[in-house]
Amino acid sequence: MAENSIVLGMADLLVVSAPIKLVTLGLGSCIGLVVYDTFAKIAGMAHIMLPDSRGLRGSEKVGKFADTAVPFIVEEMLRKGATRPRIKAKIAGGAQMFSLPGASAEFLTVGAKNVAETKKRLARLGIAVIASDTGGNKGRTIEFSTSNWMLKVKTLGKGVSEI
Amino acid sequence: MADLTAFSDNQLDAIREVGNIGTGNAATALSSLLSCMIHMNVPTTELVSIYELAEHYGDPLQTVGAVFVRSSGSFQCSLIFIQPEQDALKLVELLLNHQFGSFIPYSELPPEITDSALSEVGNIVLSSFLNAINMLLGTQHQISVPGVAHDMLSSILDVVASIYGQLGETALLVNTELSVEGLDDGRRISGHIILIPDPDSLNLLLEKLKVI
C-alpha cells in the first residue's frame with residue numbers, strides 16, 4: 001500500500017498508525033526521534049530542538065525539549081496500543097553546524113546535548129535505540145517508513161543512507 | 001531578559017537603526033574589497049517564531065553558504081552572513097578575480113579555497129557591521145574566528161532556535177540584505193546579514209540607545 005507522508009515542523013510530535021511516512025526536513029542541531037512498535041504497527045516522530053525544558057512554563061510545545069518529548073511520545077505510543085518492551089527507537093540529527101575555535105558559545109554544541117539527553121531519557125524508560133546517525137557538521141532530512149520500519153537519512157553531499 | 005513581545009515600536013525602531021549603521025559600514029567594506037557597487041536595503045527588526053525561522057527566510061531546503069561569528073564583550077551577539085549557495089560561490093570568484101587576478105570559474109575552485117575566501121569575505125562584512133555598532137554604543141568587543149557551513153537553510157537556522165529557544169518561542173533578529181550590482185554578466189549577488197543579539201544583551205542595547 002502506498003504511504004502518505006506527513007511532514008513534522010520544529011518541535012512537532014506525532015504518533016500515527018501504519019501506513020504513513022513520517023518526514024522531518026533539514027535537521028541541524030535538532031533531533032529527529034523515531035519510536036515504533038512493529039507488532040501494533042504504530043510509530044511516532046518528534047522534532048526535538050533542545051535538551052532540557054528547565055521547568056519552562058507549560059504553554060510550550062511538548063516536542064521541543066528532549067526531557068518532555070521522550071516521556072510524552074512513549075506515553076502516546078502506549079495509549080495507542082504499543083507495549084513498552086516492543087517499542088524501539090531510532091535517532092538522527094544533532095549536528096554542530098558551525099565550529100568557532102576558541103569562542104565560548106555553549107549553544108554551538110547543543111546538538112550533542114540533544115543526543116545525550118534523548119538517549120538518557122529513552123534508557124530511563126527502558127527503550128532500546130536500534131540505530132542512530134548523529135553528530136557531525138551536516139544537516140539531515142529524514143523519512144521513516146512504517147512499511148519496512150527503516151529511517152532514510154539524506155545528507156547534503158553525502159547521499160542517502162538507511163538505518 | 002526583556003519580554004520580546006512587549007517591545008514597543010520605538011524600541012524596535014531603535015534596534016533597527018543599529019542595523020542600519022552596521023549595514024552601511026559593511027556595505028562600504030564590501031564595496032572597497034570588490035570595487036563594485038553595493039546596494040543595501042533598509043534593515044528590519046523582526047520578531048520571528050522560532051518554529052518558522054527557515055520559512056521566514058525562504059525555502060527551508062535551499063542550499064545556502066553561511067559565515068557565522070560570535071561577538072563577546074558588553075554587547076554580546078551572534079552574526080550570520082547567509083547567501084544562496086550559487087551567490088556565495090560567485091562572490092568568492094569575484095573576490096579572487098579582483099584581488100589576485102584569478103580567472104578560475106567558481107565551479108573549478110577547490111572547496112578549501114572557496115571556504116577560506118568565503119570566511120574572509122564574511123569576516124570582513126560582519127566585523128565592519130559590528131565595529132559600527134560598537135562605535136555607536138561605545139562598547140568594546142571581541143569577534144571570534146568565523147565558522148563556515150554550506151547546508152540546508154533550515155539546518156543552518158537551528159543555531160538561532162538554540163539561542164532563543166531556551167527562553168521562549170520568539171527570536172529577535174535584525175535582518176538586512178546587501179547585493180553586488182553592475183557585474184559584467186548582469187548578474188546580481190545577494191546576501192543577508194542577520195544580527196542575533198543575545199537575549200541578555202537586549203536591555204543593554206536599549207539602555208545605550210536611551211529608549212527604555
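The contact between the two chains, where contact means heavy atoms within 4.5 Å, draws 36 residues from chain A and 31 residues from chain B. This is a predicted model, in which local features need pLDDT of at least 70 and side-chain atom pairs count only at pLDDT 80 or more, while totals for chains, interfaces and linings use all residues. Residues are numbered from 1 along each chain as its sequence is written, chains are lettered from A in the order in which they are written, and side-chain values use heavy atoms, with hydrogens and water left out.

**Area of the interface**

- Together chain B and chain A bury about 2,500 Å², of which 64% is on carbon and sulfur atoms; buried area is the accessible area (1.4 Å probe) that two parts lose on being put together, summed over both.
- Of the area that chain B buries against chain A, 26% is supplied by B:Tyr51, B:Asp158 and B:Gln166, more than by any other three residues.

- One salt bridge is counted between chain B and chain A, the term standing for a side-chain nitrogen of Lys or Arg within 4 Å of a carboxyl oxygen of Asp or Glu.
- A salt bridge joins the side chains of A:Lys138 and B:Asp151, at 3.8 Å from N to O.
- On the side of chain B that touches chain A, at least two residues each come from β3 (63-73), β6 (147-152), α5 (153-156) and α6 (158-164) of chain B, these helices (H or I, at least four residues) and strands (E, at least two) being DSSP runs numbered from the N terminus.
- With six residues, β6(B) gives the largest share of the side of chain B that touches chain A.

**Helix packing in chain A**

- Helix α1 (residues 66-79) and helix α2 (residues 110-124) of chain A pack at an angle of about 35 degrees, and their axes are 9 Å apart; axes are lines fitted to C-alpha atoms, for helices over the stretch in contact, and angles run from 0 to 180 degrees between N-to-C directions.
- In this packing A:Ala66, A:Asp67 and A:Val70 of α1(A) meet A:Glu117, A:Thr118, A:Arg121 and A:Leu122 of α2(A).

**Backbone features in loops of chain A**

- A cis peptide bond, with omega near -5 degrees, runs from A:Ala18 to A:Pro19, and A:Pro19 lies in the loop between β2 (13-17) and β3 (20-27) of chain A.
- A:Lys41, in the loop between β4 (31-37) and β5 (42-48) of chain A, has phi near 55 degrees, a positive value in a residue other than glycine.
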